[in-house]
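Please keep the sequence and the structure at hand while reading.

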Amino acid sequence: MPAPDHPPTGALTAIDPVCGMTVTVKADTRTDSFDGKPFHFCSDKCQTKFKGDPWFYASGNATKRGKVATANVQYTCPMHPQIVRDAPGSCPICGMALEPMVPSDAPSEELTDFTRRMWISAAAALPLVLLTMGPLVGLPVRDWVGHQNAMYLEFLLATPIIVWAALPFFKRGWNSFINRSPNMWTLISLGVLAAYGYSLLATFLPGVFPDEYRMGGMVGTYFEAAVVIVTLVFVGQVLELRARERTGDAIRALLDLAPKTARRILPDGTEYDAPLENIMAGDELRVRPGDAVPVDGVVVSGASSLDESMLTGESMPVEKTPGDKVTGATINKNGSLVIEAGKVGADTVLAQIVAMVSGARRSRAPIQGLADRVSAIFVPTVVAVAISAFAAWMIFGPAPALVFAFASAVSVLIIACPCALGLATPISITTAAGRGAQAGVLIKDAEALERMAGVDTLIVDKTGTLTRGKPTLTDTVALGPVSEADILAFAAALERGSEHPLAEAVVEGAAAKTVRKLDATEFQAVTGKGVKGMVDGRAAALGNAAMMQDLGLDTAGAEAQADALRAAGKTAMFVAIDGALAGIIAVADPIKDSTIPAIAALHALGLR
């Protein structure tokens with residue numbers, strides 16, 4: 001009897017091996033096969049996924065792994081991380097758009113929308129400013145078109161901006177009223193609507209205004225003020241969203257360190273490239289020379305050196321042999337490795353680093369509490385002052401009191417709008433976290449960032465920070481009759497066949513000193529110790545003290561010189577020729593040319 005999830009063609013239903021949905025099998029049902037078995041799919045997307053990794057889905061591993069639905073993505077407010085929602089929307093406290101809590105490759109829809117609204121608002125603001133402020137710069141545009149026509153033109157230019165472009169601001173302002181959480185959107189909404197409403201009255205019902213409000217028989221309008229406010233707020237929003245987008249780019253750059261595929265080894269020995277998201281703990285994976293390690297795991301077979309600088313900052317590659325742990329996104333330098341996947345997906349070290357950076361830009365600095373408290377007081381105070389001005393003119397003002405009171409309240413709201421105090425600190429944190437991530441500096445949280453201002457001592461790991469990050473030959477020491485040039489020539493001949501990270505430094509150093517070029521035969525690499533072979537017909541070896549001891553050589557007399565080199569931050573290696581200890585060569589990571597000026601600049605800032 002066929003398995004229930006692989007019914008033969010003609011059966012009424014089948015289970016989609018990718019998404020698990022029940023598929024009604026018809027003549028036109030999407031169908032594919034693997035290992036002689038038919039599979040049926042609910043959509044082209046599922047069929048495409050199946051073709052990308054048929055073994056994974058045909059073996060039922062997709063069901064074991066479980067499906068991660070997009071509905072599980074949660075959204076939070078960049079200013080108020082305590083707000084968490086299952087769907088995008090606006091923050092009930094500050095009105096800002098919620099953002100996904102996990103990095104996404106998708107571009108910011110809000111940035112695209114706000115950029116479009118900003119340019120359209122700016123296109124309307126420019127002629128409005130010319131109509132009202134033109135005489136100040138020698139362009140009496142208003143006189144050319146006539147005051148009444150200018151008012152109608154202002155109305156036509158401003159109305160689309162207020163009715164359409166500024167709609168997101170009004171929604172946030174309305175939410176601030178509903179949630180009893182006054183914020184900058186409260187002021188923006190009140191100020192813009194008040195200016196626009198006042199201008200509508202002045203344009204179409206000028207008779208309600210007293211003569212004191214007339215200039216040349218006409219009542220002044222604030223259409224340009226309303227549109228300019230909207231435009232400037234959009235400029236600020238777009239700048240902030242771009243800063244957040246750059247932070248997202250830095251996080252995505254971290255994610256891109258991991259490869260998109262991994263070479264899975266099946267039980268029958270066959271290999272193929274599988275999507276990284278389909279890799280499960282326990283899978284055997286091959287890591288070829290030059291490849292990035294796909295996930296965290298343990299070496300099963302093979303030997304190589306890994307560049308772990310993305311994790312440790314250490315420029316010197318680390319040798320890996322069976323039983324050693326490897327970390328995802330580190331780079332395999334030379335040999336081929338077979339690893340067993342351990343931690344995958346969100347459990348990898350790289351994913352945890354990304355989560356930390358992403359969390360840092362959502363964290364709150366202690367000073368942000370002060371900014372929030374000031375903003376929470378300022379907004380109601382402005383509204384209260386506007387109401388007080390309205391009431392004072394209604395009680396004590398001359399007739400018509402209502403018009404004077406309305407104009408006074410509008411003036412207060414326009415002058416106080418917009419207020420970006422509540423955004424200043426979050427934008428600073430976001431920008432700092434993003435720039436830091438781009439420079440390879442990971443910030444744990446906003447509090448740590450704020451405390452950096454009080455730091456007076458800087459402790460630096462020299463490797464790759466103050467140094468160039470690339471080993472270079474520094475010393476050649478003769479311990480006997482063999483010349484330094486010959487010692488270096490023999491060492492370079494052996495290292496040309498080596499895959500050790502320091503081999504390139506020795507070979508390049510020999511070429512720079514133009515020593516004679518020799519060839520090595522019977523080459524043999526001894527893991528963890530060094531290399532040996534025949535050079536110019538003579539037995540030669542290069543390696544550590546353990547290598548020399550294996551050859552029956554005593555390094556005790558040379559250890560003092562080797563220790564002096566090590567004390568200077570160099571890696572010392574012994575060279576043996578014809579069964580005798582001939583010399584020492586040393587390799588180090590040289591200091592960058594910019595290090596001394598950088599340290600001087602830090603001292604000038606008062607850092608020790």
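How many bridges join strand β20 to strand β21, and which way do the two strands run?

## A hairpin

The model discussed here is predicted. Strand β20 (residues 520-526) and strand β21 (residues 530-535) run antiparallel and are joined by five bridges. One of the pairings is between A520 and V535, the latter in β21. Three residues lie between the strands of this hairpin, and G528 takes a positive phi near 80° there.

## The chain as a whole

The chain contains 20 helices and 24 strands. It has 608 residues, of which 42% count as buried. Its accessible surface is about 30600 Å², with 61% of that belonging to carbon and sulfur atoms.

Contacts between residues at least 6 apart in sequence can be split by separation: 61% of them join residues at least 24 apart.

## Helix α4

Helix α4 covers residues 109-133, which is 25 residues. At 1.5 Å a residue the helix should span 36 Å, and the distance of 35 Å between its end C-alpha atoms agrees with that.

The buried residues of α4 are L111, F114, T115, R117, M118, S121, A124, A125, L128 and L131. An α-helix has 3.6 residues a turn, so residues three or four places apart point the same way. In the buried set, L111, F114, M118, S121, A125 and L128 can be read with that spacing in mind.

Is S121 buried or exposed? Its relative accessibility is 0%, so S121 counts as buried, the cut-off being under 20%. Apart from neighbours within four places in sequence, S121 is in contact with I161, A165, V227, V230, T231 and F234.

## A nonpolar patch

L126, V129, L130, M133, L136, V137, L139, W144 and V145 make a nonpolar surface patch of about 880 Å². Helices α4 and α5 (141-145) each supply at least two of its residues.

V137 belongs to the patch and is found in the loop between α4 and α5. With a relative accessible area of 62%, V137 is exposed.

## Salt bridges

The structure holds 21 salt bridges. In one of them, the side chains of R288 and D273 meet at 3.9 Å, N to O. R288 lies in the loop between β12 (284-287) and β13 (296-302), and D273 lies in strand β11 (residues 271-275), so this pair ties together parts 15 residues apart in sequence. Both partners are partly exposed: R288 has a relative accessible area of 33%, and D273 has 38%.

The side chains of D593 and R468 also form a salt bridge, at 3.7 Å, N to O. This pair links distant parts of the chain, 125 residues apart: D593 is in the loop between β24 (580-588) and α20 (595-604), and R468 is in the loop between α15 (446-451) and β19 (472-478). D593 counts as exposed, at 66% relative accessibility.

In the salt bridge of R538 with D578, the closest N and O atoms are 2.8 Å apart. R538 sits in strand β22 (residues 538-543) and D578 in the loop between β23 (571-577) and β24, so parts that are 40 residues apart in sequence are tied together. R538 is partly exposed at 30% relative accessibility, and D578 is partly exposed at 46%.

Salt bridges that share partners join R263, E271, D273, R286, R288 and D291 into one network.

Note on methods:
Residues are numbered from 1 along each chain as its sequence is written. This is a predicted model: local features need pLDDT of at least 70, side-chain atom pairs count only at pLDDT 80 or more; totals for chains, interfaces and linings use all residues. Side-chain values use heavy atoms; hydrogens and water are left out. Helices (H or I, at least four residues) and strands (E, at least two) are DSSP runs, numbered from the N terminus. The expected span of a helix is 1.5 Å times one less than its number of residues. Buried means under 20% relative accessible area, exposed over 50%, partly exposed in between (1.4 Å probe, protein chains only). Contact means heavy atoms within 4.5 Å. Two strands pair if DSSP finds at least two bridges between them. Accessible areas come from the Shrake-Rupley method with a 1.4 Å probe; for residues, only the protein chains shown count as cover. Patches are made of residues with over 30% relative accessible area and no salt bridge: like charges are joined within 9 Å, nonpolar side chains (Val, Leu, Ile, Met, Phe, Trp, Tyr) within 5 Å. A salt bridge is a side-chain nitrogen of Lys or Arg within 4 Å of a carboxyl oxygen of Asp or Glu.
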